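The following paragraphs lead through one part of the structure shown here, strand by strand and then to a helix.

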Amino acid sequence: MAAPPRASNPQSVLFACAMNSVRSPMAESLLQHMFPQGLYVKSAGTRKGELDPFAVSVMAELGQDISAHKPQTFEELEDWEGLNFDLIITLSPEAHHKALELTRTLAADVEYWPTQDPTTIEGSRDQKLAAYRDVCDQLLMRIRRRFAKLGSAPV
């Protein structure tokens, strides 16, 4: 009997987006809080951004502190610790193309979860926060669905 694909029960997950400043750090924190011992979780971007204060605020509402997150690129992550991930979940088209490029030489599965970039939302502080909360809620729903079979813990 063939072994199931590594991604069906990953031990290590990389979330990737454009600048590793909003979506991927949120997803990294959400999954880490679900499985504090069971999974190795990191995030990276195709380019380096600055950690977004709205992302920090929205995660703080859930009791998760991402204020110490330092955005990093795929290259920086590879130089620092290597790209030894079972599963790469991409949240932007740019990151998806980069991940597919990497899998020519890496044995990782890639999943694309198109996720809106809340930094493009115009309006008041409340309207912007609402957009970030929507992204956070979408990520949380996808993560719960995707990783439910691993036996979830509360977020």
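Leu14 stands opposite Ile88 in strand E3. This pairing belongs to a predicted model, in which local features need pLDDT of at least 70 and side-chain atom pairs count only at pLDDT 80 or more, while totals for chains, interfaces and linings use all residues. Residues are numbered from 1 along each chain as its sequence is written, and side-chain values use heavy atoms, with hydrogens and water left out.

Strands E1 and E3 pair in the parallel sense over four bridges; two strands pair if DSSP finds at least two bridges between them. Helices (H or I, at least four residues) and strands (E, at least two) are DSSP runs, numbered from the N terminus. E1 also pairs with strand E2 (residues 40-45), again in the parallel sense, over six bridges, and here Phe15 stands opposite Ser43.

In a regular strand the side chains alternate between the two faces of the sheet. In E1, Ser12, Leu14 and Ala16 point one way, Val13, Phe15 and Cys17 point the other way, and all are buried, that is, under 20% relative accessible area with a 1.4 Å probe and protein chains only. Because six of the six residues of E1 are buried, this strand is largely enclosed by the rest of the structure.

Helix H4 (residues 93-102) has as its buried residues Ala95, His96, Lys98, Ala99 and Leu102. Seen down the axis of H4, these residues fall within an arc of 165° and so line one face of the helix, the arc being that of the directions from the helix axis to the C-beta atoms. The buried residues of H4 pack against strand E1 (12-17), helix H3 (74-81), strand E3 (87-90) and strand E4 (109-112), where contact means heavy atoms within 4.5 Å.

Key: Buried < 20%, exposed > 50% of the residue type's maximum accessible area, 1.4 Å probe, protein only.
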